[in-house]
Amino acid sequence: MDISKAESGARRSGTAGDVWLRPSARKGRDAPPLSRDRIVEEAVALLDAEGADRLTMRRLAERLGTGSTTLYWHVKTKDDVLDLALDMIFAEVRIPAESRGWRADITALIDGWRAVLLRHPWSAALLSRPMLGPNVLARSEFLYATLLKAGAVEPHLTAAAYGLSNYVIGSGLMQATWPTGAGQEARQAAQEHLRAHRDSYPALAAHGPHVAEADWDTSFALGLTWLLDGIQAGIAGK
């Protein structure tokens, strides 16, 4: 998992990632009974049900049965909520407790990450944000440490981590947004368009994603195997 670098120096208030770079909200006997964890849990439920575009501080407050002002004891902006929600769902990605070899360990991590993206389809489109929460950092640390133990060195270490991260994010985003149901009509039109222009696009007409029903799991597993084969070959030939 890749981590965007935090900006050096002063940061503008209210931007993505700020929640990880400032002190926690005030705690103590004067704080309201609503907790940050409770806010974030409800935010994840709202995001799962309706997507990121429908998340507002007012709607979140309504779901929690409180006023928007109460939320600001714990979170300053919608960006805070999104950053915290992303980190909360990363807690669902299991870190292998016992190593079964670097390839098996990374496969388990990446498969778990993909499963989380598919359970929370709003999340893949938001992963360009600064990812500095403890759950994300723990899993990023595991990925980098595992690649290091396998023998990857810079610049190939970062390239391998980026490649794996980008692969799972891109796959999750494509599957989450792929047309289903009502989209079948559009897919059929795309197939007919490719067949009508077979001379220009012979490979796509025969094998493109609009032609055959997608077996997402098999395609993802094969692609991940190819990536790991390339990483292993790079390590062996360094």
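1. Contact of α7 with α10. In this predicted model, helix α7 meets helix α10 through two sets of residues. From α7 come A160, G163, L164, Y167, V168, S171, M174 and Q175. From α10 come W216, S219, F220, G223, L224, L227, L228 and I231. By class, this contact holds 11 nonpolar and five polar residues, with no charged ones.

2. Geometry of that pair. Helix α7 covers residues 156-177, and helix α10 covers residues 216-236. Their axes come within 11 Å and cross at roughly 170°. Angles over 145 degrees count as roughly antiparallel, so α7 is roughly antiparallel to α10.

3. Geometry of α6 and α7. Helix α6 spans residues 134-150. Its axis lies 10 Å from that of α7, and the packing angle is about 130°. The two helices are therefore oblique to each other. Their crossing is right-handed.

4. Contact of α6 with α7. On the α6 side, the residues are L143, Y144, L147 and L148. On the α7 side, they are L157, A160, A161, Y162, L164 and S165. This contact divides into nine nonpolar residues, one polar and no charged. Note A160 and L164 of α7: both are listed for the contact with α6, and both are listed for the contact with α10.

5. Length of α1. Just after α1 comes G51, with a positive phi of about 90°.

6. Buried residues of α1. Which residues of α1 are buried? They are I39, V40, E42, A43, V44, L46 and L47. The elements that cover them include α2 (57-64), α3 (68-71) and α4 (78-90).

7. E42. This glutamate belongs to α1, residues 36-50. Is E42 buried or exposed? Its relative accessible area is 12%. Buried means under 20%, so E42 is buried. Leaving out residues up to four places away in sequence, E42 touches L60, R63 and L64. Helix α2, which runs 57-64, is among the elements covering the buried residues of α1.

Methods
Residues numbered from 1 in each chain as written. Predicted model: local features only at pLDDT ≥ 70, side-chain atom pairs only at ≥ 80, totals over all residues. Heavy atoms only, no water. Axes fitted to C-alpha atoms, helices over the stretch in contact; angles between N-to-C directions. Helix = DSSP H or I, 4+ residues; strand = E, 2+ residues; numbered from the N terminus. Parallel < 35°, antiparallel > 145°, perpendicular 65-115°, else oblique. Contact = heavy atoms within 4.5 Å. Nonpolar A, V, L, I, M, F, W, Y, C, P; charged D, E, K, R; others polar. Buried < 20%, exposed > 50% of the residue type's maximum accessible area, 1.4 Å probe, protein only. Left-handed = near helix turned anticlockwise from the far one by under 90°.
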